[in-house]
Amino acid sequence: MDGRDGRDEDVRDGGAPDEGGGAEPSREQREREQRERGLGRRERDILALERRGFSGPGAKERAVREELGLSPVRYYQLLNALLDDTRALAHDPVTVNRLRRIRESRRAER
């Protein structure tokens, strides 16, 4: 034995000992890291599609399927979640605020 008790081996890069035992980060940590990283490719593509104008019925749904590879139902689920995401607001405030107004007016009609 070299006289060490093994605790030094848990210290990485001069930091504190790894008390998590290699465990996955918590859900809150993952969400915070995701917010700090910004929007992913799919989220940016969804907002870009919303900025475009579409002519005729079905044109937007066709673009959703062909360009994003999503069903229209899944697309609208993701879009609705994006409208509540602060990263989306930071990325494209004009589009997000416009869609939020539309969503609120439709909710008020019900």
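Leaving aside its neighbours within four places in sequence, which residues is Asp92 in contact with? The close-up views below start there, in a predicted model.

**View 1. Asp92 and its surroundings.** To take up the opening question, Asp92 is in contact with Leu47 and Arg51 once its neighbours within four places in sequence are set aside. Asp92 sits in the loop between helix H5 (86-91) and helix H6 (93-109). Is Asp92 buried or exposed? Its relative accessibility is 8%, so Asp92 counts as buried, the cut-off being under 20%. Look also for Thr95, whose side chain is joined to that of Asp92 by a polar contact of 2.9 Å.

**View 2. The largest nonpolar core.** This core is made of 16 residues, and Ile46 and Tyr75 have the most contacts inside it. Two or more residues come from each of H2, helix H3 (59-68), H4 and H6. H4 gives the most to this core, with 5 residues.

**View 3. Tyr75 up close.** Here we stay with one of the residues that have the most contacts inside the largest nonpolar core. Neighbours within four places in sequence left aside, Tyr75 is in contact with Ile46, Leu49, Glu50, Lys60, Val64, Leu68 and Leu70. Ile46, the partner named here, is also listed with Tyr75 for having the most contacts inside the core.

**View 4. The largest pocket.** The volume of the largest pocket is about 410 Å³. It is lined by 16 residues, and Tyr76, Leu79, Leu99, Ile102 and Arg106 are the closest to its centre. Helix H2 (41-51), helix H4 (72-83) and H6 are the elements that each give two or more residues to this lining. Which element supplies the largest share of the lining of the largest pocket? That is H6, with 6 residues. Sorted by class, the lining of the largest pocket holds 7 nonpolar, 1 polar and 8 charged residues.

**View 5. The second largest pocket.** Among the 10 residues of its lining, Glu43, Leu78, Ala81, Leu82 and Arg87 are the closest to the centre. H2 and H4 are the elements that give two or more residues to the lining of this second largest pocket. H4 gives the most, with 4 residues. By class, you will find 4 nonpolar, 2 polar and 4 charged residues in the lining of the second largest pocket.

Methods. Residues numbered from 1 in each chain as written. Predicted model: local features only at pLDDT ≥ 70, side-chain atom pairs only at ≥ 80, totals over all residues. Heavy atoms only, no water. Buried < 20%, exposed > 50% of the residue type's maximum accessible area, 1.4 Å probe, protein only. Polar contact = N/O pair within 3.5 Å; in protein donor to acceptor, adjacent residues only side chain to side chain. Contact = heavy atoms within 4.5 Å. 1 Å grid on protein atoms, 1.4 Å probe; cavity = no way out; pocket = protein on both sides within 12 Å on 5 of 7 lines; lining within 4 Å. Points joined across faces, edges and corners; volume = space filled by probe spheres on them. Nonpolar A, V, L, I, M, F, W, Y, C, P; charged D, E, K, R; others polar. Core = buried A, V, L, I, M, F, W, Y, C linked by side-chain atoms within 4.5 Å.
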